[in-house]
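Please look through the following notes with the sequence and the model side by side. They begin with the whole chain and then turn to one strand.

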Amino acid sequence: MLLYFAGQWHDGPSKLEVRHPYDGSLVDTVPMATAADLDAALAGAVEGAAVMRKLPGYERFQILRRAADAMLARRQELGRLISLEEGKTLAEGLFEASRAAETMELSAEEAKRLGGEVLPLDGAPGGAGKLGFTLRVPCGVVVAITPFNFPLNLVCHKVGPALAAGNAVVVKPASDTPLSALKRVETSREAGLPPLAVACLAGCGGELGKALCSDPRVRKISFTGSVEVGQQICAVAGIKRVTMELGSNSPLIVLADADLNKVAEATIASGYGNAGQVCISTQRVIAIDRVYRDLLDVLGPRVASLTAGDPLQEGTKLGPMIRERDAARVSQWVDQAVAQGARLIAGGSRQGTLMQATLLADVRPEMRMSRDELFGPAVGVAPAASIDEAIAQANDSRYGLSAGIFTQDIDAALAFARRVDSGNLHINWGPAWRADLMPYGGLKESGLGKEGPHYAVQEMTELKTVVIHGG
């Protein structure tokens, strides 16, 4: 597959190999962008931004609507490609392909709704006879840096709103998973997007990403990834608008009145999907003492039944992790927690990139399993004496992206919503749930700004104030 920039597809001498995480087989190769490629891409994007700025909102809507339809028509192809390059099960890949099309559809609708407001200037001293209103205008060139774990939908969450707002966008996908992003360029070009409005470059994030983010031609950066890389981007960005979707170690609180079967169902769905490689994956379950042991009895056998295997085989529930070193890291953290006193209830073994679904009990807040972002198929369960102690444990983190609680007590649910420091809060489900239209973003070191097409468009536009002074 080729790179796309400056309105054309480009080859290059150095190739990036994309390998299937399950068996290491070669899926495809992609050229690695050079410094000259980057300069040409940004120069083209500057021209493309001028074209997009003049394109009426309804035309942008039509283009994005056609792109969404094209993605739906190619759902089987895109779903299989996602599974091949990222390793998630085929069912998960197909689901992501459908969600990505929905994200483009939502973005298309926002292209028709980009407006301002009338300002009541006569309510200000000296404002009589004056008319004020606001205009939203595109930022210009947007850089979108995306992670491996949702290689199509998270690209669409940045590209769709950027184009809906009238910007040009340069995409830098994760080095492990560039193919879905390049396929998305194909669908947009087929839908009639102006040639210079989008570019997609592959290469080392440390070099290519830094060069893109520090370039003064870029006016907006949207990044999803680790806290450490987010900090590096902010350090080199200069005066630009930035959206940062960063890490988490999401908690799920279980109170005494919870339906434990529903808790187990939610923990399986939100803790082990995509082999736990989800930024809002359930990592910490905090259960009230009264139901702690009962929950482990219900949850343990269900986790043990999630055997890892070939993601392309029907019936596989847990695919491989993206790289063997990541699976080894998860295994090491699990072993470390056990050495520090945690109990292994299920799983714990690893073979190559396949890490078995793992459940730990008696996990303490000071363990790395609790404190850092695991990003793998393991969940730690800890006891708490009261809701106050459970909320304190939930907040004992530098992250604040998503959290959940199970309870039938409305007062407890509202206390959770008000007091837990998290950008997304779920009552009677796990933290790993997201509708693509909702505002999505974190507190503390989990990030800055919001995604979701309506909210991302606000982040990718500038606000102008206009005042007409009457005679």
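Predicted model: local features only at pLDDT ≥ 70, side-chain atom pairs only at ≥ 80, totals over all residues.

1. Residues are numbered from 1 along each chain as its sequence is written, and side-chain values use heavy atoms, with hydrogens and water left out.

2. The protein chain has 15 helices and 22 strands, where helices (H or I, at least four residues) and strands (E, at least two) are DSSP runs numbered from the N terminus. Its radius of gyration, taken over C-alpha atoms, is 23 Å, close to the 23 Å that the globule rule gives for 471 residues, so the chain is as compact as a globular protein of that length; the rule is 2.2 Å times the number of residues to the power 0.38.

3. Of the 471 residues, 56% count as buried, meaning under 20% relative accessible area with a 1.4 Å probe, protein chains only.

4. Strand β19, residues 402-406, is mostly covered, as five of its five residues are buried. Side chains in a regular strand alternate between the two faces of the sheet. In β19, Ser 402, Gly 404 and Phe 406 lie on one side and Ala 403 and Ile 405 on the other.

5. Which strands pair with β19 in the parallel sense? Strand β12 (residues 251-254) does so over three bridges, and strand β20 (residues 424-427) over four bridges, pairing requiring that DSSP finds at least two bridges between two strands. Ile 253 stands opposite Ile 405 in β19, and Ser 402 stands opposite Asn 424 in β20.

Definitions and conventions: Buried < 20%, exposed > 50% of the residue type's maximum accessible area, 1.4 Å probe, protein only.
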